[in-house]
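Reader: I have a structure open and would like a walk through it. Can we start with the strands?

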Amino acid sequence: MDLSPEFIKMCEKAEEIQKIPYTAIAYLAGLIDGKGTISIRRKIGNHFNIELYITSTNKPMLEWVVKIFGGKIYTYIHKGESKRLPQQKWHLHGGQAEKVLRIIEPYLIIKGEHARLAIGFRDKMNRDTSWHREYANQVKSIQKSSTYSEPRHRISQDQLQEMVI
């Protein structure tokens with residue numbers, strides 16, 4: 001399970017990605033569901049980028065995420081509030097973020113729809129800008145219905161039970 005950030009960069013084939021233990025993939029999906037953000041940010045002009053974030057005060061947990069999936073950790077210290085712990089933010093963007101989203105998408109319960117939308121957008125971005133309006137409408141729809149509902153993942157109850165055991 002000791003994978004370097006360079007490993008994710010090298011992953012071009014699905015069978016290479018399968019070397020990451022499913023428990024690590026499921027754990028990251030849980031972190032993204034609970035403390036994470038999936039976003040698409042406009043860079044310059046009509047260039048867009050997928051970005052993943054996890055915000056926490058637990059730096060060792062985020063260091064583990066970097067070790068397995070890549071990315072960087074940024075530290076934010078609250079000025080004038082000495083009692084607050086520094087906030088840590090794991091950040092991954094671009095092609096690496098897309099690969100990680102494709103890996104964890106089946107395990108996402110709350111943000112699965114967000115992941116599928118980001119992956120679909122990345123597949124089409126910068127090719128057909130008319131799709132951007134459709135994407136914006138889909139985002140608004142997700143935001144309106146962002147309360148928890150029954151999971152729509154592709155993992156059966158038996159598979160989930162096997163993961164727990």
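Author: Strands β2 (residues 48-56) and β4 (residues 87-93) run antiparallel and are joined by 6 bridges. Strands here are DSSP runs of E of at least two residues, helices are runs of H or I of at least four, and both are numbered from the N terminus. Two strands pair if DSSP finds at least two bridges between them.

Reader: Which residue in β4 is the bridge partner of Glu 51?

Author: His 93. This is a predicted model: local features need pLDDT of at least 70, side-chain atom pairs count only at pLDDT 80 or more, and totals for chains, interfaces and linings use all residues. Residues are numbered from 1 along each chain as its sequence is written, and side-chain values use heavy atoms, without hydrogens and water.

Reader: What is the order of the strands in the open sheet?

Author: The order is β1-β2-β4-β3, with antiparallel pairing.

Reader: Why is one side of β1 and of β3 left without a neighbour?

Author: Because β1 (36-42) and β3 (72-76) stand at the edges, each with a single partner strand.

Reader: New topic. What caps the N-terminal end of α4?

Author: Asn 58 does: one of its side-chain oxygens lies 3.1 Å from the backbone nitrogen of Met 61.

Reader: And which residue follows α4?

Author: Gly 70, with a positive phi near 90 degrees.

Reader: Which residues in α4 are buried?

Author: Met 61, Leu 62, Val 65, Val 66, Ile 68 and Phe 69. Buried means under 20% relative accessible area, with a 1.4 Å probe and protein chains only.

Reader: What does Ile 104 touch?

Author: Leaving out residues up to four places away in sequence, Ile 104 touches Ile 25, Leu 28, Ala 29 and Ile 32. Contact means heavy atoms within 4.5 Å.

Terms used: Buried means under 20% relative accessible area, exposed over 50%, partly exposed in between (1.4 Å probe, protein chains only). A polar contact is a pair of N or O atoms within 3.5 Å; within protein, one must be able to donate a hydrogen and the other to accept it, and residues adjacent in sequence count only if both atoms are side-chain atoms.
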